[in-house]
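Open the model in your viewer and keep the sequence panel beside it. The tour below moves from one selection to the next.

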Amino acid sequence: TVCHSRLIEILSRTIKDGRVVSLIHKYLRSGILNHGMFEASHEGTPQGGPLSPLLSNIMLNELDKELTRRGHLFVRYADDSMIFCRSKSAAKQTKESITRFIEGKLHLRVNKEKTTVSYVKGVKYLGYSFYN
């Protein structure tokens, strides 16, 4: 769930035309119709909207920069990521610190049930597994 204020802050760093940022902000706050009743939206991006994948990637680009800054090898497709570490203890420590970054700095929630530390052999990622 994307925090609107955090996303607008990130967008404002690179988009210098305030009209564009304002238009995106209006898009985010446009709300939805649920059984014919209007519901305001205070967080998240409209599902199936044309801007949603782009805005998600802009938000998660901040994660990519942080992982690169820390020297981690990683792969990300949309909101699915794999971070590669040399040991299980390093992976556990990375999981904890990156979760703090994602939740604290980006104001996104990490799915604790889907987030695992494991050996890459046999792990499925986007329907593919890695084997020797």
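**First stop: a loop residue**

Select His107, which is partly exposed because its relative accessibility is 42%; buried means under 20% relative accessible area, exposed over 50%, and partly exposed in between (1.4 Å probe, protein chains only). His107 sits in the loop between α4 and β5 (124-125). Helices (H or I, at least four residues) and strands (E, at least two) are DSSP runs, numbered from the N terminus. The phi of His107 is near 60°, a positive value in a residue other than glycine. Most residues other than glycine have a negative phi.

Leu126 also has a positive phi, near 55°. Select Leu126 in the loop between β5 and β6; with 41% relative accessibility, Leu126 counts as partly exposed.

**Whole-chain view**

Now zoom out. This is a predicted model, in which local features need pLDDT of at least 70, side-chain atom pairs count only at pLDDT 80 or more, and totals for chains, interfaces and linings use all residues. Residues are numbered from 1 along each chain as its sequence is written, and side-chain values use heavy atoms, with hydrogens and water left out.

Colour by secondary structure to find 4 helices and 6 strands. Starting at the N terminus, the order of elements is α-α-β-β-α-β-β-α-β-β. The C-alpha trace spans about 50 × 35 × 25 Å along its principal axes. Of the 132 residues, 30% count as buried.

Contact means heavy atoms within 4.5 Å. Among contacts between residues at least 6 apart in sequence, 48% join residues at least 24 apart.

**Helix α1 and its neighbours**

Select residues 4-14, which form helix α1; its buried residues are His4, Arg6, Leu7, Ile8, Ile10 and Leu11. What do the buried residues of α1 pack against? Show α2 (18-28) and α3 (52-69): the buried residues of α1 pack against both.

A salt bridge here is a side-chain nitrogen of Lys or Arg within 4 Å of a carboxyl oxygen of Asp or Glu. Glu9 and Arg6 are both in α1, 3 residues apart, about one turn of the helix. An α-helix has 3.6 residues a turn, so residues three or four places apart point the same way. Glu9 is partly exposed at 45% relative accessibility, whereas Arg6 is buried at 12%.

**Other charged pairs**

The protein has 8 salt bridges by this rule. Next, select Arg19 and Asp17, whose side chains meet in one of them at 2.9 Å, N to O. Arg19 counts as exposed, with 66% relative accessibility, while Asp17 is partly exposed at 29%.

Move to Arg76 and Asp64, another salt bridge at 2.9 Å, N to O. Arg76 lies in strand β3 and Asp64 in helix α3, so this pair ties together parts that are 12 residues apart in sequence. Is each of these two residues buried or exposed? Both Arg76 and Asp64 are buried.

**Inside helix α4**

Select Thr99 in helix α4 (residues 88-104). Thr99 counts as buried because its relative accessibility is 13%. Leaving aside residues up to four places away in sequence, Thr99 touches Thr94, Gly104, Val110 and Lys112.

**Out to the surface**

Switch to a surface display. The protein exposes about 9,500 Å², of which carbon and sulfur atoms supply 55%; accessible areas come from the Shrake-Rupley method with a 1.4 Å probe, and for residues, only the protein chains shown count as cover.

Select Leu73, Val75, Phe84, Tyr119, Val120 and Phe130, which make a nonpolar surface patch of about 560 Å². Patches are made of residues with over 30% relative accessible area and no salt bridge, with like charges joined within 9 Å and nonpolar side chains (Val, Leu, Ile, Met, Phe, Trp, Tyr) within 5 Å. Val75 is in strand β3 (residues 73-77) and is partly exposed, with a relative accessible area of 33%.

**Last stop: Asn132**

Finish at Asn132, in the segment after β6 (128-129). Asn132 is exposed, with a relative accessible area of 86%. Draw a C-alpha to C-alpha distance from Asn132 to Lys121: the two are 11 residues apart in sequence and 7.4 Å apart in space.
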